[in-house]
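Please keep the sequence and the structure at hand while reading.

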Amino acid sequence: MTAREYFEYIRACQRSIDRRLAIIASMRARESVRAQTYDAIGHGTGNRDAMRATDLRMDAEKSAASEIRDLTAQVDEGRELCRGIRAANITQRWADALELHYIEDMPWHQTASALGVSERQAQVDVSCALDWVDSVGMARARTGLGQAALL
């Protein structure tokens, strides 16, 4: 697996986490208290379980918890790799560019703005970082190539 493929995978993990949390938040919003209308009294459409939405949300949270935990562990490994890149390349902004673009899932214009550079420079930084990781290997990059303690 190349470094680009690895970081694309990490981005997909982060997107899955965000998607699951958004679904749960949406379910929570749907179960919140709503205004009651009194003109519908006696005109019910059938049996409604007031706790059904809450039960569904709680089931969704329970089923998503272990998956979110696993995905978060993968994302944390990506951040650890970025720390190693940062430790081995102290004068470069490569790790910051990787972390912003892939792990934080920022588009190029936001990545560039956060780094204070042009979009093209942000793309060059990411490309250089990915090339460097491929050249030294992910295991060595993660450890910072034997550099002092990771930042």
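Two residues are in contact when they have heavy atoms within 4.5 Å. The model is predicted, and the contacts below leave out residues up to four places away in sequence.

Leu130 touches Ala3, Arg4, Phe7, Leu98 and Tyr102. Leu130 also belongs to the largest nonpolar core, which has 31 residues. Those with the most contacts inside this core are Phe7, Ile85, Leu98, Leu130 and Trp132. At least two core residues come from each of the helices in the table, and α3 supplies at least two as well.

| Helix | Residues |
|---|---|
| α1 | 3-30 |
| α2 | 52-88 |
| α4 | 108-115 |
| α5 | 119-136 |

In soluble globular proteins, nonpolar side chains tend to be buried together.

Helix α3 covers residues 94-103. Is this helix mostly covered or mostly open? It is mostly covered, with nine of its 10 residues buried. Among the buried residues of α3 are Trp94, Ala97, Leu98, His101 and Tyr102, and Glu99 is also on the list. After α3 comes Asp105, which has a positive phi, near 60°.

Val126 is part of helix α5. Is Val126 buried or exposed? Buried means under 20% relative accessible area. Val126 has a relative accessibility of 2%, so Val126 counts as buried. Ala97, Leu98, His101, Tyr102 and Trp108 are touched by Val126, again leaving out residues up to four places away in sequence. Asp96 lies 30 residues from Val126 along the chain, and the C-alpha atoms of the two are separated by 8.9 Å.

Note on methods:
Residues numbered from 1 in each chain as written. Predicted model: local features only at pLDDT ≥ 70, side-chain atom pairs only at ≥ 80, totals over all residues. Heavy atoms only, no water. Buried < 20%, exposed > 50% of the residue type's maximum accessible area, 1.4 Å probe, protein only. Helix = DSSP H or I, 4+ residues; strand = E, 2+ residues; numbered from the N terminus. Core = buried A, V, L, I, M, F, W, Y, C linked by side-chain atoms within 4.5 Å.
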